[in-house]
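Please read the points beside the sequence and the structure.

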Amino acid sequence: MNNTVPLKVDQLSIRYHHKPILTDVSFAIPAGQTVAIIGPNGAGKSSLLKGIMGLTPIIQGQVEFFGKPLSEKRLTTAYVPQREEIDWDFPIDVMDVVLMGRHGQLKFWQRPRQADRELARAALQDLGMWEFRERQIAQLSGGQQQRVFLARALAQQASLYLMDEPFAGVDVATEKAIIELFKQLKAKGNTVVCVHHDLNTVREYFDYVLLINSRLIAAGPSTEVLTQENLNKTYGGRLSLLNDLTEQMYRSRLDNAHQDD
Amino acid sequence: MNDFTPYPEAAFLQQAWQNLAIFWSFDDINATWVLLGSLLLGMSASVIGAFAFLRKRSLLGDALAHAALPGVMMAFLLSGSRDAEMLFIGALASSLLGFWLIDWLPKNTKIKPDAALAITLSFFFALGLMLLSYIQTSELPNKSGLDKLLFGQAAAITAEDIQLLIYVTSAVLLIVVLFFEKFRLIAFNRTYAKTLGIPVKFYELLLALMIVLSVVVGLQLVGVVLMAAILLTPVAAARFWSHQLSSLLILAALFGALSALLGAQISYIAPAMPTGPWIVVSLSLLFFISFLFAPKQGLLKRYWDYRQLKTRVLEENILRTLYKLLEREHFKRNHFTLAEITALRALPLNPLQKTLQKLVKRHYLVKHQLAYGLSEEGLLKAIKLTRRHRLWESYLSQHADLNSEQVHQQAERIEHILNQEQEQQIVAELMEQLHPQDPHGSPIPKLPSQNLQETQ
């Protein structure tokens, strides 16, 4: 559908205070594929997604969505945050959460219209959550909460989906529903990028893999990239000298001073 | 009528009663304005406070109210008048300054948000008190009444104040209605709202401005010190009654209006009374009533549910014990003494006897002199429970790899909550290797209907 690259990241660096989280990450993702971001705990997987979506300040680098900056491609990009980031005691029901997905297209005073409700209904049905539409979100199981979040992203009618650990702590039914959703999205030529933590299922669920540990270790089709050597590099020894020196550089503000010459 | 008044209290009550009559006759136009103003303030403050509460920024309103005090005093000192608009602008300015400081400190220093809030609150309040003492010892005209801003006083309010109050609170309510969806989205999931391209910062600023406005116009009525209560207690109380944000807001507005009305009225009737404390006390009362008596989440309801569950578990345990005894006697003898029952299941005598009698009354048990036996109805229920218990044991030992003592412990609890559907699901999953016996070797009784068919 889209000949352009749905997501291109160029020399992205993120730090937290002086601690380097990600350094010089560059990659381009092919359209119409499911992409996994893999790496050990604290490797910066979620930060990468957040940096891409402009939720975490990046210190350098560029992100292009279909060749354009994010501000021009908001409506074609849907983000699914981690389930733990939300207060699930919030007084709201399932339908209203899913309708939030439509708010990018609603003016500031507008309430969701009938057409928006139709899209929300279709999204809930796709994820098998339609019968829960009037349920309070506090009463859902973990897997059902995840499906509500996915339905909300689906209601956005985007063509690029960025998901932060959608498979974390979900039941079998939800896992199946997510896989089914991936198939549907791919059939429509949409692209899915997921932070993923289960190495056993990567090959099965994803076409393309990014291996990350503070920097990009490898990127490519899962059949090629998931070699023992690459995995050892990703999960094995930390590049401690590299990180220490980068931190020292940030502390000394050398990167700013250096630009003068 | 008024000829003889032996006690000053009587005169006071008389006066208060008269004032009340005037208040509700709507003859005193000022009293009617106070009524309307406090209603609107109660509603707008509790609605806007609800969003602060849901965003876990509850103390923001408190800090902003305290931050308004030096602004009012400065406005008075600079303009020399007690013009409502003047004081309002002063309060607004210093409240906004306070808000900016609360926002700026954690972003640019190592100070955490809660500390920034506390530091700002006490600094501005101290500044306000300092200016207030200076004004009170000075020779400035019109200075009386400024100290009423601490606790609020409806009787000291001017028609001008009330008019401003009505404009501002109506505007606040209107904006909340207009932006409801966006405010809710941001309160629920701020980062997600950002990814939708919604100007989160703008709405957050708008919310903060609404809080500042509500706080500032409420000062005359509620006072600086207790403003936080009217922002937060209504929604906290409403939380016990409803799970839907829209009804939650309506309920909170109702609580807020009711208590503001009560406080304003009392301080109007008895002018020595401060309004703020009365509002807060009546709000807290509403909160406690909600906490105790709310139909689904109230303390009493929860206690009642727990009691009922306890009784049901005891009853079901007794039925099952009698079934086990029956089984041990190969279904030949169906009457057992208390000693036999307690030998199988240790239970304190008093509740045991009471429950046995209750079960007899409900025809689950039949009493033969000093012994008890299962009635037909009781037998069916006991079979159902025993079946579920033993099915769950089988399921656990097959799927969870637990030993027989562990599975018994688990099944003792699960048997009380399993329903028909789950029972069938267990049977279905056990189908391949369903033994007619549980892991301890006791037979799993069949469904009551099947059992009856066989015995017939």
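1. Chain B falls into two domains: domain 1 covers 26-295 and domain 2 covers 305-446. The centres of these two domains of chain B, taken over C-alpha atoms, are separated by 59 Å. It should be kept in mind that the model is predicted.

2. In chain A, an open sheet is formed by 6 strands, with mixed pairing and the order β5-β6-β7-β3-β8-β9. Its edge strands are β5 (77-80) and β9 (216-221) of chain A, each of which pairs on one side only. On average, neighbouring strands of this sheet are turned by 15° against each other, direction ignored.

3. Which residues have the most contacts inside the largest nonpolar core? They are A:Ile137, A:Met163, B:Leu146 and B:Phe188, in a core of 140 residues. Another core, of 29 residues, lies apart from it and includes A:Leu7, A:Ile29, A:Leu49 and A:Ile52. As a general matter, nonpolar side chains in soluble globular proteins tend to be buried together.

4. Leaving aside its neighbours within four places in sequence, B:Phe188 is in contact with A:Ile86, A:Asp87, A:Phe90, A:Ile92, A:Val97, A:Met100, A:Ile137, A:Phe149 and A:Arg152.

Notes
Residues are numbered from 1 along each chain as its sequence is written. Chains are lettered from A and ligands numbered from 1 in the order in which they are written. This is a predicted model: local features need pLDDT of at least 70, side-chain atom pairs count only at pLDDT 80 or more; totals for chains, interfaces and linings use all residues. Side-chain values use heavy atoms; hydrogens and water are left out. Domain bounds come from an automatic or database domain assignment. Two strands pair if DSSP finds at least two bridges between them. Helices (H or I, at least four residues) and strands (E, at least two) are DSSP runs, numbered from the N terminus. Axes are lines fitted to C-alpha atoms, for helices over the stretch in contact, and angles run from 0 to 180 degrees between N-to-C directions. A nonpolar core is a set of buried Ala, Val, Leu, Ile, Met, Phe, Trp, Tyr and Cys residues joined through side-chain atoms within 4.5 Å. Buried means under 20% relative accessible area, exposed over 50%, partly exposed in between (1.4 Å probe, protein chains only). Contact means heavy atoms within 4.5 Å.
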